[in-house]
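Dear colleague,

Here is the structure for your files. My notes on it follow below.

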Amino acid sequence: MPVQESGNRPHRPSQVMPQADVTVNRSDNTVTATMSNAGPVGVSLFVFPDKYLTVSATPFTVVSGTSKTYTWTAVKKNGYGYAFSIYGPDGFVRSFAGAVVGVSTTTGR
């Protein structure tokens, strides 16, 4: 049987550079995640609901220099809440959660 080499190998630099951010539209109670990739090769990302919806994966392939969007529609039944995470290679995780506050709601300041 072969023997494993001793020591550690350095981590190879990643060829993907994924990013994700969200915007909230208070008028129609939606949360839109924009996933982008600045790396030289495409990246596969998966969106999973953390709460409120049945667990299922929504896959996206984001080609270099482009972006894809995922839209969550918050409903009154759930208190207009949203909670989802985006997973990718090399430990990439972005989680977003909260509640969409209606347009007519103001703070008491």
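Asn29 touches Trp72, Thr73, Ala74, Tyr80 and Val100, leaving out residues up to four places away in sequence; contact here means heavy atoms within 4.5 Å. Asn29 sits in the loop between β1 (18–25) and β2 (30–37), where strands are DSSP runs of E, at least two residues, numbered from the N terminus. Asn29 counts as buried because its relative accessible area is 17%; buried means under 20%, exposed over 50%, and partly exposed in between (1.4 Å probe, protein chains only).

Please note that this is a predicted model, in which local features need pLDDT of at least 70 and side-chain atom pairs count only at pLDDT 80 or more, while totals for chains, interfaces and linings use all residues. Residues are numbered from 1 along each chain as its sequence is written, and side-chain values use heavy atoms, with hydrogens and water left out.

Gly88 belongs to the loop between β6 (81–87) and β7 (93–99). With a relative accessibility of 23%, Gly88 is partly exposed. Ser44 and Leu45 are touched by Gly88, again not counting residues up to four places away in sequence.

Phe46 is part of strand β3 (residues 43–49) and, at 36% relative accessibility, is partly exposed. Together with Tyr87 and Val93, Phe46 forms a nonpolar surface patch of about 240 Å² accessible area.

Regards

Methods: Patch = residues over 30% accessible without salt bridge, like charges linked within 9 Å, V, L, I, M, F, W, Y side chains within 5 Å. Areas by Shrake-Rupley, 256 points an atom, 1.4 Å probe, with all protein chains shown as cover. Salt bridge = Lys/Arg side-chain N within 4 Å of Asp/Glu carboxyl O. Helix = DSSP H or I, 4+ residues; strand = E, 2+ residues; numbered from the N terminus.
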